[in-house]
Amino acid sequence: MTNLHDETNLKRNIVPTRSFESTAGAVPRMEINRYWAYHLEANDSIITKYWTGIRQSQRTCKNCKHTTFTFEPFDQLLVTVPKVRGDSVGVTLEDCLYETLKPELLGDYTCDKCNQKGYTSTLNCIARPPELLCIALNRFATNYQTMKTEKVSTVVEWDFNNIDLDAYVTRNLPGPQNYECFAIVTHVGSSIDQGHYYTYVRDPHDPFSQTWYCMNDSKVSVFETIKGKPSDRKIFGGKKHGTSPYMVYLRRKRPRLMAGEQHD
Ligand SMILES: [Zn+2]
């Protein structure tokens, strides 16, 4: 995605002359808009339009209540996959989002207003959810006994027809934040050093949006979903199957169209 952005960025030669500074005591919604305007000064590509989101971190000083915001653009949201024992216990994609965006406690925070040192909590969320959201499941973890990077094979499940991101999106954004899945990249193999990748894609021509294809090199197979659940649970991975969903592609849900209507 980075390469596609660089190649299609109409503002690739523009270097911002200043960095973004958060305004003390500002209204979050206005800060997000200000950051997005700053980002657009040097970014205007197909990735910017559809895939770029913004992560927000908010820190409030325990002493003087001074709040600062930090924003970071992303075109892939890297999420943590919790380690669990065996395949019988899985986690949901929402669990991974929570694990990634949960509040953090900082022990060595120095407030830039009152200069006091101490603890503070960091609140994390998605400040700008993109139209198309790519979630990358971080399946790499260091084993501190062997000091080697190992693959985390945890089963990760979700509803293909509806993922509600409302709990992970800034409270200042109006409207529902419902997405549906339209593609998945799967890794086969027990280690991060080797393996094979293949893709599942939703049939764009199926009016009921139930049919999916598995694209594995030259082999293409079909499967159905019922109420957002795939007929083959192998898609959700696990040690038993040796497969793991690795990249999950979501698109914002839009109201179903009536005959003769079309989206903008
Ligand atoms: Zn302070």
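I began with Ile 135, which touches Leu 77, Val 79, Leu 93, Val 248 and Leu 250, leaving out residues up to four places away in sequence. For me, a contact is two residues whose C-beta atoms, placed from the backbone, lie within 7 Å.

Ground rules next. I number residues from 1 along each chain as its sequence is written. This is a predicted model, so local features need pLDDT of at least 70 and side-chain atom pairs count only at pLDDT 80 or more, while totals for chains, interfaces and linings use all residues.

**Confidence**

I checked pLDDT, the predictor's confidence in each residue, from 0 to 100. The protein chain averages 87, and 95% of the residues score at least 70. Where is confidence lowest, and where highest? Lowest is strand E8 (residues 140-143), at a mean of 82; highest is strand E7 (residues 132-138), at 96. A reminder to myself: where pLDDT is low, the predicted coordinates should not be read in detail.

**Overall**

I listed four helices and 17 strands in the protein chain. These are DSSP runs numbered from the N terminus: helices are H or I with at least four residues, strands E with at least two. The C-alpha atoms fill a box of roughly 60 × 60 × 35 Å along the principal axes. Of the contacts with a separation of 6 or more, 62% come from residues 24 or more positions apart.

Buried residues make up 23% of the 264 residues in the protein chain. The cut-offs, with C-beta atoms placed from the backbone: buried is 20 or more other C-beta atoms within 10 Å of a residue's own, exposed is 12 or fewer, and partly exposed is in between.

**Core**

Back to Ile 135: which residues have the most contacts inside the largest nonpolar core? They are Leu 93, Ile 135, Leu 137, Val 248 and Leu 250, in a core of 36 residues. I took a nonpolar core as a set of buried Ala, Val, Leu, Ile, Met, Phe, Trp, Tyr and Cys residues joined through C-beta atoms within 7 Å. At least two core residues come from each of helix H2 (28-40), strand E3 (77-80), helix H4 (93-101), E6, E7, E12 and strand E17 (243-252).

**Strands**

I traced an open sheet of four strands, ordered E2-E1-E6-E5 with antiparallel pairing. Strand E2 (67-74) and strand E5 (104-110) are its edges, each pairing on one side only. Pairing here takes at least two DSSP bridges between two strands. Strand E1 (residues 53-60) meets E2 over eight bridges, antiparallel, and I found Gln 58 opposite Phe 69 in E2.

Further along, strand E12 (residues 178-188) pairs with strand E13 (residues 196-202) over six bridges, also in the antiparallel sense. Val 188 has His 196 in E13 as its bridge partner. E13 also runs antiparallel to strand E14 (residues 211-216), with four bridges; Arg 202 stands opposite Trp 212 in E14.

**Positive phi**

Most residues other than glycine have a negative phi. I noted Lys 65, not a glycine, with a positive phi of about 65°, in the loop between E1 and E2. Is Lys 65 buried or exposed? Exposed, with 11 other C-beta atoms within 10 Å.

Asn 115 likewise has a positive phi, near 65°. I located Asn 115 in the loop between E5 and strand E6 (117-128), and Asn 115 counts as exposed because it has 10 C-beta neighbours inside 10 Å.
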